[in-house]
Amino acid sequence: SLSYPISLYLLKKAKEKMIIWKRSDSKFLEKNEHQILQYLNNYSTTIDNIQTFSLCHCDPNPGNIMVSAGKNLYLLDTGHLRFMPPAIDYYTLCVQLCEDDTKKTETFSQAYFEKMLPEEVSSFKKTEPFFKLYVLLNFCSMLATRIKANNPADVYLKQLPYYLKKAETMIYHILIS
């Protein structure tokens, strides 16, 4: 349990991710940092009013997801488990699995929200820009770090700049909407 509002915790984490991103990416613009933090801060009251928390994986990337022969879904690498708003896992999965494909996002969302109560779905909708932006910051910091490391053993090294640019574009679209 946190001794201060969840929005402050998440804003602190967002700042940490931007510091990592800045250190790893010389193209990162300082004005973006201020604009992103201001945007996230505008959602503080809404985020602090979230009533539903759950055990979240916080790193549900494809390498941590296994589907058994019986079609059961398993999350691996449980060292990232946190008691957080479930929107963090939702948007992490949504961005990774659907990227910015509207049709895939609609299908994923329909399946994800199918068993939720209407007030839980409403909470997701109200906080969507905040959590999507928060998740994209995580991606950008991770991608920029991997690009800077320039590890030849990283089989995705050539694709990372493309995905960083795509995540940056998604952030831009959130900020201007």
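A residue is called buried when its relative accessible area is under 20%, exposed when that area is over 50%, and partly exposed in between, with a 1.4 Å probe and protein chains only. The model is predicted, so that local features need pLDDT of at least 70 and side-chain atom pairs count only at pLDDT 80 or more, whereas totals for chains, interfaces and linings use all residues. Residues are numbered from 1 along each chain as its sequence is written, and side-chain values use heavy atoms, with hydrogens and water left out.

Where a side-chain nitrogen of Lys or Arg lies within 4 Å of a carboxyl oxygen of Asp or Glu, the pair is taken as a salt bridge, and by this rule there are six salt bridges. One of them joins D154 to R146, with 2.8 Å from N to O; here D154 is buried at 15% relative accessible area, while R146 is partly exposed at 29%. Salt bridges with shared partners also link K12, K13 and E16 into one network.

E16 is partly exposed, with a relative accessible area of 31%, K12 is partly exposed at 47%, and K13 is partly exposed at 28%.
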